[in-house]
Amino acid sequence: MSEIDSLKSELESLQADALQAFSAADNLNDLQKLRVQYLGKKGALTEVLKGVGKLAPTDRPMIGQHVNKTKSALAAALDSTEADLAVKAKAARIEAERVDVTLPGRSKGKGALHPVQHGLDEITAIFSQMGFVVAEGPEIEDEFHNFDALNIPAEHPARAMHDTFFVKQMADQPMLLRTHTSPVQIRAMKRFLAEGGEPPLAVVAPGRVYRCDYDVTHSPMFHQVEVFKVDRDVSMAHLKGVLKHFLSTYFEKEVEIRLRPHYFPFTEPSAEVDIGCVFCAGKGCRICKGSGWIEVLGSGMIHPKVLESVGIDSEEFSGFAFGLGVERLVMLKQGIPDLRLFFENDVRFLSRMGVSK
Ligand code: PHE
């Protein structure tokens with residue numbers, strides 16, 4: 001075979017191989033590699049061209065034409081294959097990214113107010129609407145405000161009953177986590193007088209309190225709302241009226257209340273307040289242990305000693321006060337059986353009982 005014929009057949013088989021390789025390529029990357037392999041500077045076609053130098057000068061133009069034809073055939077095949085692959089790649093991408101609009105939506109996990117926070121807000125709002133002013137006090141309290149000023153002297157058995165968490169000893173007295181919101185009575189009255197106020201004074205004080213206790217109905221941290229009013233001629237009748245209005249508003253129905261004589265060092269007389277069972281309407285059930293009544297809070301007429309401890313003349317002024325447990329009221333309203341559910345932060349409980357705004 002002459003040099004020229006062998007070059008020609010070399011070109012033909014190169015073209016055949018290349019076209020087959022192009023049609024076998026299934027992605028643009030591979031195709032780009034093939035382009036370099038056949039048409040690149042060090043590619044197969046360049047290799048063939050090197051043989052042209054050995055030809056007689058008269059034969060060169062002819063073989064040159066062949067080379068150019070092969071080159072443009074390969075380039076054309078590459079371009080059209082590339083276009084096809086680009087279309088396929090796009091189709092595949094669209095397919096992969098397809099959104100199934102028939103799938104159910106994903107929940108955003110919207111937050112909600114904790115049921116206790118919601119209860120606090122609700123309770124506080126009812127008293128605000130009745131004209132009570134919101135006040136707060138520190139959770140780390142001193143012995144004076146938590147006990148002494150409330151007529152609970154050091155040797156008083158009520159101190160032991162409070163299961164107090166003491167935190168540290170300050171220079172003059174022990175510090176503790178307040179065991180009730182009643183110290184806010186003292187702080188609010190002192191602040192009010194210091195600002196030149198004169199009774200009447202009506203305050204609602206929501207907040208956290210702490211006692212060393214833990215079971216189905218007790219948690220070491222819980223919430224109370226303290227409510228009190230000081231004025232001339234305040235009587236038990238006012239206390240009872242405010243309680244009845246509050247409880248009926250909170251439970252969204254007319255509730256019966258009864259005051260049972262009790263003892264608190266800082267009120268005299270004192271009463272525990274029961275409501276007619278909201279579950280059985282007083283007939284007697286498991287929740288009220290068959291009695292038809294449920295105890296909800298402690299109350300009384302502010303002890304003269306407490307008024308005097310902040311400098312209010314107890315001959316001229318009197319007041320009522322009560323303190324209620326928020327968790328207990330929320331449990332009764334929402335039918336929650338175990339106080340600990342509030343603090344375990346199980347999302348199933350929180351999303352069911354939480355209140356979204
Ligand atoms: N501070 C009392 C308690 O925590 C409740 C109370 C408040 C009682 C005000 C009477 C008056 O048990």
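Me: In which helix is Pro-157 found?
Reply: Pro-157 is found in helix α7, residues 157–161; a helix here is a DSSP run of H or I with at least four residues, numbered from the N terminus. This is a predicted model, in which local features need pLDDT of at least 70, side-chain atom pairs count only at pLDDT 80 or more, and totals for chains, interfaces and linings use all residues. Residues are numbered from 1 along each chain as its sequence is written, and side-chain values use heavy atoms, with hydrogens and water left out.

Me: Why does Pro-157 count as exposed?
Reply: The relative accessibility of Pro-157 is 56%. Exposed means over 50% relative accessible area, buried under 20% and partly exposed in between, with a 1.4 Å probe and protein chains only; Pro-157 therefore counts as exposed.

Me: What share of the 357 residues of the protein chain counts as buried?
Reply: By that cut-off, 42% of the residues count as buried.

Me: How far apart are the centres of domain 1 and domain 2?
Reply: Taken over C-alpha atoms, the centres are separated by 92 Å. The domain assignment, automatic or from a database, gives 3–96 for domain 1 and 115–353 for domain 2.

How values were computed. Helices (H or I, at least four residues) and strands (E, at least two) are DSSP runs, numbered from the N terminus.
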